[in-house]
Amino acid sequence: MSEPRLTRLPQWQALQRHAYAIGQRHLREWFAADPQRGERFVLEDVGLYLDYSKQRVDADALGLLRELATARGLPQRIEAMFRGERINTTEHRAVLHVALRAPAGEKILVDGHDVVADVHAVLDRMAAFAEQVRSGAWLGHGGKRIRNVVSIGIGGSDLGPVMAYEALRAYSRRDMTFRFVSNVDGTDFAEAVHGLDAAETLFIVCSKTFTTLETLANAHAARAWSVAALGDERAVAKHFVAVSTNAAEVAKFGIDTANMFGFWDWVGGRYSMDSAIGLSTMLAIGPEHFHAMLAGFHAMDEHFRHAPLERNLPALMGLLAVWNNNFLDAASVAVLPYEQYLKRFPAYLQQLTMESNGKRVTRGGAAVDYATGPIYWGEPGTNGQHSFYQLLHQGTRIVPCDFIGFGQSLNPLPVQGGGDQHDLLLANLIAQGEALAFGKTAEEVRAAGTDAALAPHRTFPGNRPSSTILAQRLTPRVLGTLIALYEHSVFVQGVIWDIDSFDQWGVELGKQLAKTTIAELTAKDEPKLAHDSSTNALIRRYRALRDGHT
């Protein structure tokens, strides 16, 4: 049953009144009134330190947000997820990515069946396979060991493994090459296999149904490439494995189903990187590091499940996101990791957040009358500072920022005169948060001797909200903790907005229309078109360009 209309709740209306009352108050005033704000508005647990003192909230706003969360039944919804209830209502499915990282021996039941035992059976098979490949015991068709791994997937079957590999590259096998193919654009596949020896290359085809059009197109291209180079159809069995549940299609492709690693319908694609979809990650970093990553996920799961709302990291992050989105009218969030290894983390979060909460109807099917999922984007620091930070500091839109940094570098480099480049990196992270919060007033600009005509251009309004997340070092465990933090924050936001964060019907329409369009693009004779005038014209123009006509 759908929750009561959000905007009619007294807790929501109280937040609206409070936001109006404090809306013009500047962070300069808050810090001046409370010199200890930077020590009080922090939360530390599970190896993460969250400073949210530069968010435009006070204790009353936080209290009201927690009251709203309670009114929306957040504690009960958290328990429902962990119990395996079918909280994905439109698909009538449980949502149990938390089971993927539950320790062996724990029990989570779905329809009376313990799924944790199933998870560990797959993890054990993955580990055995990974050890075979990494040790050189697994040989290709021609008797050579595997030195190259190419993972083929799309969406959650690609973004998670790509992000994890880049994030944990420091822990990976440097004598092996790992590449990823997702785009149906042939260039993606061509570049992924460029320079590789087919006799030393293993492909992992990631498709739950083994019918995903883009993934299967690339898989068949990989099959043709391998067979052409190795000269034998039987080579497929030694150079391809599958992450799927469709044994019939896997076998039809030529993959030995003994080398098929399964997962379950209670795992959403964007929540699947710690399932068998992470096989490429385990091959890269090894089973021990992979299990350390799972332990990090689980530590945050336990924190989210048991910590009270006032001390709960994902709950706080989610409620702050609701505050910024719905009460400060901030329509986007910039995620800014000051760690080069996390360069793909913002792209990963784009799917996690926007596919989850980019919804316009409630769980009951009613149109919402409030903003839901904000736009997530970002780049690593310090690169972004020389790109889009101009808009963050002086643009007309408020963009809340999440800064992510680490106390220790995985690659320390000394600088002339002492210190380390990592000090310079973190100095920039800290300085950017300060500059966004406090800015630089016109009086300060003029006092510095700036020409009056230039003063408006050199004034920074400040009052731009940000949070800073710090950890000691980027390890597999910390990566798992960080990902789970955002996973559960997304869930909190969805609960407040009364939307289903675990379906993704919005990706279907374009895919369905493409099936019609591909037939029209490839028809031998001029097809009879019945689209709108723009679509018809584009189909005709593409056919002409493809055939060399102008």
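**View 1. The largest nonpolar core of the predicted model**. This core has 131 residues, and those with the most contacts inside it are Trp-266, Leu-283, Trp-323, Phe-345 and Tyr-486. Helix H19, which spans residues 476–497, gives the most to this core, with 13 residues. Because domain 1 (6–72 + 307–497) and domain 2 (98–290) both give residues to it, the core lies between these two domains.

**View 2. The packing of helix H4 against helix H14**. Helix H4 (residues 59–71) packs with helix H14 (residues 313–327) at an angle of about 105°, and the axes of the two helices are 10 Å apart. Since angles of 65 to 115 degrees count as roughly perpendicular, H4 is roughly perpendicular to H14. On the H4 side the contact is made by Ala-61, Leu-62, Leu-65, Arg-66 and Ala-69, and on the H14 side by Leu-316, Leu-319, Leu-320 and Trp-323. Of the residues in this contact, eight are nonpolar, none is polar and one is charged.

**View 3. The domains of the protein**. The domain assignment gives domain 1 (6–72 + 307–497), domain 2 (98–290) and domain 3 (510–547). Between domain 1 and domain 3, the C-alpha centres lie 44 Å apart.

Technical notes: Residues are numbered from 1 along each chain as its sequence is written. This is a predicted model: local features need pLDDT of at least 70, side-chain atom pairs count only at pLDDT 80 or more; totals for chains, interfaces and linings use all residues. Side-chain values use heavy atoms; hydrogens and water are left out. Axes are lines fitted to C-alpha atoms, for helices over the stretch in contact, and angles run from 0 to 180 degrees between N-to-C directions. Helices (H or I, at least four residues) and strands (E, at least two) are DSSP runs, numbered from the N terminus. Angles under 35 degrees count as roughly parallel, over 145 as roughly antiparallel, 65 to 115 as roughly perpendicular and the rest as oblique. Contact means heavy atoms within 4.5 Å. Ala, Val, Leu, Ile, Met, Phe, Trp, Tyr, Cys and Pro count as nonpolar, Asp, Glu, Lys and Arg as charged, and the others, Gly among them, as polar. A nonpolar core is a set of buried Ala, Val, Leu, Ile, Met, Phe, Trp, Tyr and Cys residues joined through side-chain atoms within 4.5 Å. Buried means under 20% relative accessible area, exposed over 50%, partly exposed in between (1.4 Å probe, protein chains only). Domain bounds come from an automatic or database domain assignment.
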